[in-house]
Amino acid sequence: MRKDKVFKIVLLLSGFLIVALLSGIFLSLVFSSIPSIKEFGINFLFSKDWDPINNKFGAFPFLIGTLLTSVISLLISIPFSLSISIFLSEILKNKLISNIFQTFVELIAGIPSVIVGLWGLFILAPFMRTLQSKLGIQPIGVGIFTASIILSIMIIPYSASIGKEVISMVPIEVKEGAISLGATEFETLKSVTLPFSFNGIFAGFLLSFGRAFGETMAVTMVIGNANKIPESIFSAGQTMASLIANEFTEATTKLYTSSLIEIGLILFIVSILINILGRLIIRRFSF
Amino acid sequence: MNEKTIKRRIFNNKLYKIFVFLFSFLSIIPLFLIIYFVLIRGLKYVNLKFIFSMPKPMGEIGGGIFNAIVGSFIIVGVAALIAIPIGIIVGIFLSEYKEKKYTEIVKILVDTLQGIPSIVIGIIAYLWIVKPLKQFSAISGSIALSFIMLPLVIKSTEEVLNLIPIEIKEAAYAMGVPYHRIVLKILLPSGSVGILTGTLIGISRILGETAPLLFTAFGNQFLNLNLLKPMSTIPYLIYVYATSPYKDWHNQAFAASTILIIIVLSINLFGRFMEKKWKM
Amino acid sequence: MENVILKIKNLNAYYGSQKVLKNVNLEIYENRVTTILGPSGCGKTTLIRCINRLHELSPGARIEGQILLKGEDLYQIEPMIVRQKIGMVFQKPNPFPTMTIYDNVIAGYILSGIKLSKEEKDKIVEESLIKSGLWDEVKENLFKKGTFLSGGQQQRLCIARALAMKPEILLLDEPTSALDPVATSIIEELIIELKKSVTTVLVTHNIGQAGRVSDYTAFFYLGELIEFGKTTEMFTVPKSKKTEEYLIGKIG
């Protein structure tokens with residue numbers, strides 16, 4: 001009996017450990033950001049200068065860089081991810097081929113991001129360079145757009161597998177109702193199946209977006225690492241995560257480090273918000 | 001409802017299927033492109049000498065990645081040693097105490113932990129361990145990686161335990177078996193395959209992680225077995241070599257990537273294969 | 001004098017190698033209610049799914065034989081056209097949960113991309129809901145989603161949805177088996193009323209229901225048509241022993 005009591009206490013404490021861990025993470029980030037928050041206040045988010053020499057720091061270029069790469073990569077990924085979801089749940093009927101295909105999709109998510117970055121740097125970037133010179137654009141190869149392409153490849157598996165799950169859950173009666181009225185498979189998908197699974201599909205895209213938002217290695221290797229607001233989607237830029245990766249070990253002053261950590265805090269908060277939003281959407285998903 | 005519209009609708013239906021088919025296949029092409037190009041450029045440099053010798057000084061051609069290979073094993077190993085027991089216990093907690101409000105909160109927090117960008121985890125390990133110790137260390141890298149592996153072990157433990165029919169527990173209770181024995185001697189062994197799967201997938205994940213190591217384990221051109229000192233790892237080495245100006249280092253980055261991608265994808269596939277078995 | 005609207009000739013239906021309908025020959029009369037009666041597994045659902053060509057969507061499913069609607073072979077024209085001419089109501093009410101009641105009724109037109117003017121749509125919605133006896137209960141709430149409706153009301157919505165397409169034949173697959181007795185009797189009255197405007201084929205295993213609503217009954221057992229005739233005659237003086245055994249509850 002005594003052993004049971006101890007055991008149960010250990011279990012309950014382990015839950016508390018998680019609470020302590022997450023609280024600790026949040027508090028540490030806030031605490032270490034204080035010097036930067038004190039110095040720059042809310043302007044930190046809107047200031048364009050990232051000037052280590054004069055100890056002046058503003059996050060705006062990196063907010064833009066992160067938003068651009070995340071949004072563009074999400075937009076690129078949508079048709080591919082949706083196609084996979086539909087393909088695996090509605091069109092492909094053979095179980096074996098379906099499993100194999102799904103494994104291939106999910107393996108992409110298993111490739112270490114530094115290797116995706118390596119491929120991006122040495123194979124995709126040169127390809128983009130030739131493409132850009134053909135189009136008459138500055139042929140730098142790396143930049144916001146290249147990073148977005150890399151990201152879209154990496155985030156497709158997340159929304160694709162969630163999408164596949166929710167579309168498979170559409171009850172067959174509902175689909176048969178549409179077919180019995182004379183609808184084609186496409187018409188059934190468009191007017192019945194997809195609206196039915198909309199919430200889940202949206203949550204899947206949110207998850208993909210969250211992944212793109214926080215991705216570091218692959219982005220830092222192909223974005224060009226330019227600490228400015230990008231002039232076009234083909235110019236070099238910097239995201240919040242790639243900035244931290246690039247400069248954290250070079251941060252010489254306390255304010256410098258604190259500003260970088262504050263950017264980490266922003267990443268942390270946004271990832272939580274996306275997580276909460278995703279859960280809310282899934283909860284409202286029930287017919 | 002005339003002939004023309006019917007024909008158009010049938011055509012649109014065919015078009016839709018072609019579109020979906022095409023885009024689905026286009027999506028998996030990058031997988032093969034990446035594996036192909038990495039292997040094509042890296043495989044020729046992979047040999048026993050590469051695996052077992054130490055790096056040459058910067059700028060010199062040749063050398064190997066033995067320190068990084070050893071470093072990866074140690075750091076990932078220690079991270080797993082931390083994440084597995086804690087992950088299992090939390091997983092048991094989530095499964096045994098479900099429906100309680102407190103448990104719901106912990107579950108959300110585990111999900112949150114999983115969603116934190118790995119570079120932020122690196123910052124935390126820096127603040128909690130590198131700063132106090134005043135130096136980069138392997139242990140700080142391991143701790144960062146353990147945070148990343150933890151949610152994976154927790155979730156697969158919880159999932160597999162939830163699948164165990166409640167009758168088994170009730171039968172054991174009815175026989176007077178004490179609670180802690182039910183969990184440790186009956187439930188856990190039943191769920192061992194699921195837990196193993198979560199562990200394997202977690203390991204394959206952290207073997208490839210670089211961002212959290214950038215300012216924790218940092219890197220080390222020498223072979224180091226001391227957890228309190230900086231240690232090299234394969235992904236870190238790939239990053240440094242790939243972004244350096246030396247062509248020989250680029251080749252080595254591809255070679256190291258070849259080794260890493262084969263290991264990581266193999267463990268991943270194996271873990272997936274086992275996962276299908278117990279999820280059925 | 002009865003007018004034959006649907007002719008089923010030598011119909012054999014398969015799931016892979018398993019034969020579930022054996023050499024069925026049956027005539028359905030216009031503006032009458034014909035019941036397909038029989039125990040579970042006798043093939044009655046398969047039969048009507050062959051009529052509106054839903055059967056062929058199942059993996060490995062196929063048929064041999066012919067089904068002729070007013071002389072036209074249904075298997076020689078596009079399945080979509082067949083399904084527009086033949087409406088179906090399912091066992092479990094299945095209104096589209098993401099559509100309003102209004103849109104549910106004209107769903108057949110929305111799905112096919114057929115454009116109608118507002119007046120045309122309003123007319124079809126009102127007519128169909130009146131015909132299915134649901135108009136008064138929902139006319140104030142046409143633009144709400146149909147999920148708040150009771151089971152019986154949802155089923156009547158599905159009937160309205162099928163009727164909106166102005167089908168030649170209405171197929172009802174055990175339409176009241178998921179409903180309570182009150183809802184059931186409302187729908188049974190509806191079926192009797194509807195035959196004036198549409199030919200109805202009703203699938204049921206409920207002998208009482210068949211007796212209450214149908215003009216003709218076809219009794220099936222293990223995939224074969226055992227007996228067909230006027231309901232009143234068949235139920236009082238069944239010609240086949242099997243029919244008799246089913247009616248008195250000995251089998252089924």
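Biologist: Are α2(A) and α1(B) roughly parallel or roughly perpendicular to each other?
Modeller: Roughly perpendicular. Keep in mind that this is a predicted model. Angles from 65 to 115 degrees count as roughly perpendicular. Helix α2 (residues 60-91) of chain A and helix α1 (residues 3-42) of chain B pack at about 115°, so the pair falls in that class.

Biologist: How far apart are the axes of these two helices?
Modeller: The axes of α2(A) and α1(B) lie 8 Å apart.

Biologist: Is the crossing of α2(A) and α1(B) left-handed or right-handed?
Modeller: Left-handed.

Biologist: Which residues make the contact?
Modeller: From α2(A), look for A:Pro79, A:Phe80, A:Ser83, A:Ile84, A:Ile86, A:Phe87 and A:Ile91. From α1(B), the list is B:Lys17, B:Phe19, B:Val20, B:Phe21, B:Phe23, B:Ser24, B:Leu26 and B:Ser27. By class, that gives eleven nonpolar, three polar and one charged.

Biologist: Now the whole interface. How many residues of chain B are in contact with chain A?
Modeller: 65 residues of chain B meet 58 residues of chain A. Several elements of chain B give two or more residues to its side, among them α1, α3 (66-96) and α11 (247-279). The largest share, 19 residues, comes from α1(B). On this side of chain B, 45 residues are nonpolar, 15 polar and five charged.

Biologist: How many residues do chains A and C bring to their contact?
Modeller: Chain A gives 18 residues and chain C gives 19. On the chain A side, the elements with two or more residues are α6 (172-180) and α7 (185-214). Helix α6(A) supplies the largest share, seven residues. The chain A side divides into nine nonpolar, five polar and four charged residues.

Biologist: Chain C next. How do strands of a sheet pair?
Modeller: Through backbone hydrogen bonds, either parallel or antiparallel. In chain C, an open sheet of four strands has the order β2-β1-β4-β5, with antiparallel pairing. Its edge strands are β2 (18-29) and β5 (72-73), each pairing on one side only.

Biologist: How many bridges join β1 to β4 in chain C?
Modeller: Eight bridges join β1 (residues 4-15) to the antiparallel β4 (residues 61-69).

Methods. Residues are numbered from 1 along each chain as its sequence is written. Chains are lettered from A and ligands numbered from 1 in the order in which they are written. This is a predicted model: local features need pLDDT of at least 70, side-chain atom pairs count only at pLDDT 80 or more; totals for chains, interfaces and linings use all residues. Two residues are in contact if their C-beta atoms, placed from the backbone, lie within 7 Å. Ala, Val, Leu, Ile, Met, Phe, Trp, Tyr, Cys and Pro count as nonpolar, Asp, Glu, Lys and Arg as charged, and the others, Gly among them, as polar. Axes are lines fitted to C-alpha atoms, for helices over the stretch in contact, and angles run from 0 to 180 degrees between N-to-C directions. Angles under 35 degrees count as roughly parallel, over 145 as roughly antiparallel, 65 to 115 as roughly perpendicular and the rest as oblique. A crossing is left-handed if the near helix is turned anticlockwise from the far one by less than a right angle, and right-handed if clockwise. Two strands pair if DSSP finds at least two bridges between them.
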